[in-house]
Amino acid sequence: MIDLLTDPLVQRMLLVSVMVGATAPIVGTYLVHRRMSLLGDGIGHVALAGVAAGWLAGSAADLAQVDALAIPGAIVFAVAGAVVIERMRARGVAAADVIMAIMFYGGIASGVLLISAAGGSNANLMGYLFGSISTASWTDVWVTVGLAAVILIIGLGLRSALFAVTHDQEFAYSTGLPVAALNMVVAVLAAITVTAAMRVVGVLLVSGLMILPVAIAQLITRSFTRTMMIAMVTGVVLCLTGVGITLFYNLQPGALIVVLGVIVYTVVASGAGLRKRRRRLRDEAGHGGHDDAHREHEHPTLGAPA
Amino acid sequence: MTAADADCLTHDTPPALTARGVRVRLGGHEILHGVDLDSHPGEAVAIMGGNGSGKSTLVRSLVGAIPTTAGDITVFGEPRTRLTSRRIGYVPQRASAGGGVSATAREVVTSGLLGVNALRTPRDAKARALAALDDLGVADLADRDVTALSGGQQQRVLIARALVREPDLLILDEPMAGVDVPSQEALAAALTKRRDAGAAIIVVLHELGALAPLVHHAVVLEQGCVTHIGAPPRALGVHALPGHDHDHAHPDVPEAVASTFAWEVRQ
């Protein structure tokens, strides 16, 4: 065990896991709140086109390491894609799900075209599709540190304002908050998260790491801030557990992390359901359910999107 | 009070809000065709009218949530910008709020303390949010998930979010819709206190109800145009009955008659 922890490769894997596990749910919380859980997916597919474009540029420039520009390409494409999605959404050019579908298929198709133009094969894209944390270099670690720092500083620092904008945009406008700029911050943070997490779980599963910890936290607490904090801890635990298991068993870490998340969600959800039913039975027996009487009276209007 | 009294009132202080010739276009259709509105400190003006008359569109454009295509809006003598938002407290329709993650009443009210140059909440945010909830009699709900509250409780939370800003101009969109009677009375009391403290109030209403004593005059909209300014109109016939559903059609009243005479002006 100690031997394992002194292995630089294992150290790199664990470092990247902690950073990605902690930061992906920050943006995930805003996306779930805004009911745009699949934005990460849309951006991920665009990032894949960026990977291929970086690859193409690398081979055109005759670089020694042909994929040296893959991650920079992904960052540029993901941020540009996020900006385009947000502008189209804000201007009401098309419905959010239609914009997302265009990004999904446009991104993956151009990725495949660009990689073949670069003389590569679809197999070269596999590492980006499903993650390849075991090949992380120290450069990758430092890039991830930088991206994670940006997400932590902005995502947590502007938490109140980003909550206000994602919670009730109409009210946010009335307060004078820079609504359009804050919406753009959420989109760009999502792009940064996707490129940071791509290394661990891959673009196909990146949304899972952003959304699952939030879904789990939601079952435990009713506060927005606590949801975000619990989701961050859950993200770290999931990533460390998933990557840790793959040190002993030959499994795909990204897929394992996401499956672990689904299992935890199922267990916690059935536990929460059981608790709720028990409480209701107790209340019915004791007629003491004043609090829950309100809860039963839920008003779906407040939860509906504007 | 008669309409003549309302017209003869003079104002020593500058208006809280003036709108002149406001036009709004949404989805290719013009919704407001040049609306004028005046609101003065210490007065409450009701914006009334049937469904689809443009009431909500008007208040949304007043607070800057949707852009106007023409017209001028001034707030306390200055052209409306993000800067003038500091003095405005807005209560949107309940359906506009909420998201996929639950949030507590205190978190929602705290977001009212943000604004221009205030991207982070002040140090005393927690205490101020609690005090605002307490003013509306819902301090005990501070840590509860807002979506799990009753309609009346949710509305009190949204009004607390606007009042925590200590606004000089309060703009509310149908605050009484789906609200139980005790909450209606609590809301009316909170608004009256605010008005008596000198705030101007603009409130979109389907019917005057519990706010009747508060409302100074009314602006009636019909199909995006102002058709009446003056004393508050009294709802006609069945519309005045408590619990009447305004959304259903009246097969016994011809549509043209219903739209023309839905509002009987007390003159």
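Chain B exposes about 11700 Å² of surface, and carbon and sulfur atoms supply 53% of that area. This value, like the others in this report, comes from a predicted model. Within chain B there are 7 helices and 12 strands, and of the 267 residues in the chain, 52% are buried. When contacts in chain B between residues at least 6 apart in sequence are considered, 70% of them join residues that are at least 24 apart.

**Helix α5 of chain B**

One helix of chain B deserves a description of its own. Helix α5(B) covers residues 151–163, which makes 13 residues, and from its first C-alpha to its last it reaches 18 Å, close to the 18 Å expected at 1.5 Å a residue. The helix α5(B) is mostly covered, since 13 of its 13 residues are buried. Arg161(B) belongs to this helix, and with a relative accessible area of 1% Arg161(B) is buried.

**Where the two chains meet**

The size of an interface is often given as the accessible area lost when the parts come together. For chain A and chain B, about 3700 Å² is buried between them, and 55% of this lies on carbon and sulfur atoms. In terms of residues, 40 of chain A are in contact with 42 of chain B, and the count of salt bridges between the two chains is 3.

Arg161(B) forms a salt bridge with Asp168(A), with the closest N and O atoms 2.9 Å apart. Because Arg161(B) lies in helix α5 of chain B, while Asp168(A) lies in the loop between α8 (159–167) and α9 (169–175) of chain A, the pair joins two chains. Asp168(A) is buried, with a relative accessible area of 1%.

**Salt bridges within each chain**

Side chains of opposite charge can pair when their charged atoms come close. Over all chains, the structure holds 11 salt bridges, and the table sets out some of them, including the pair already described.

| Salt bridge | Closest N and O atoms |
|---|---|
| Arg161(B) and Asp168(A) | 2.9 Å |
| Asp168(B) and Arg87(B) | 2.8 Å |
| Arg89(A) and Glu86(A) | 3.0 Å |

In chain B, Asp168(B) forms a salt bridge with Arg87(B), the closest N and O atoms being 2.8 Å apart. Asp168(B) is placed in the loop between α5 and β7 (169–173) of chain B, and Arg87(B) in the loop between β5 (78–79) and β6 (88–91) of chain B, so the pair ties together parts that are 81 residues apart in sequence. Asp168(B) counts as partly exposed, at 30% relative accessibility, and Arg87(B) is also partly exposed, with a relative accessible area of 37%.

In chain A, Arg89(A) forms a salt bridge with Glu86(A), and because these residues are 3 apart in helix α4 (residues 70–91) of chain A, they are separated by about one helical turn. Glu86(A) is buried, with a relative accessible area of 6%.

**A nonpolar patch on chain A**

The surface of chain A also carries a nonpolar patch of about 310 Å², which is made by Val150(A), Leu152(A), Ile153(A) and Ile154(A). Val150(A), one of these residues, has its place in helix α7 (residues 138–157) of chain A. With a relative accessibility of 32%, Val150(A) counts as partly exposed, and a residue must have over 30% relative accessible area to be part of such a patch.

Key: Residues numbered from 1 in each chain as written. Chains lettered and ligands numbered in written order. Predicted model: local features only at pLDDT ≥ 70, side-chain atom pairs only at ≥ 80, totals over all residues. Heavy atoms only, no water. Patch = residues over 30% accessible without salt bridge, like charges linked within 9 Å, V, L, I, M, F, W, Y side chains within 5 Å. Areas by Shrake-Rupley, 256 points an atom, 1.4 Å probe, with all protein chains shown as cover. Salt bridge = Lys/Arg side-chain N within 4 Å of Asp/Glu carboxyl O. Helix = DSSP H or I, 4+ residues; strand = E, 2+ residues; numbered from the N terminus. Buried < 20%, exposed > 50% of the residue type's maximum accessible area, 1.4 Å probe, protein only. Expected span 1.5 Å × (residues − 1). Contact = heavy atoms within 4.5 Å. Buried area = accessible area lost by both parts, 1.4 Å probe.
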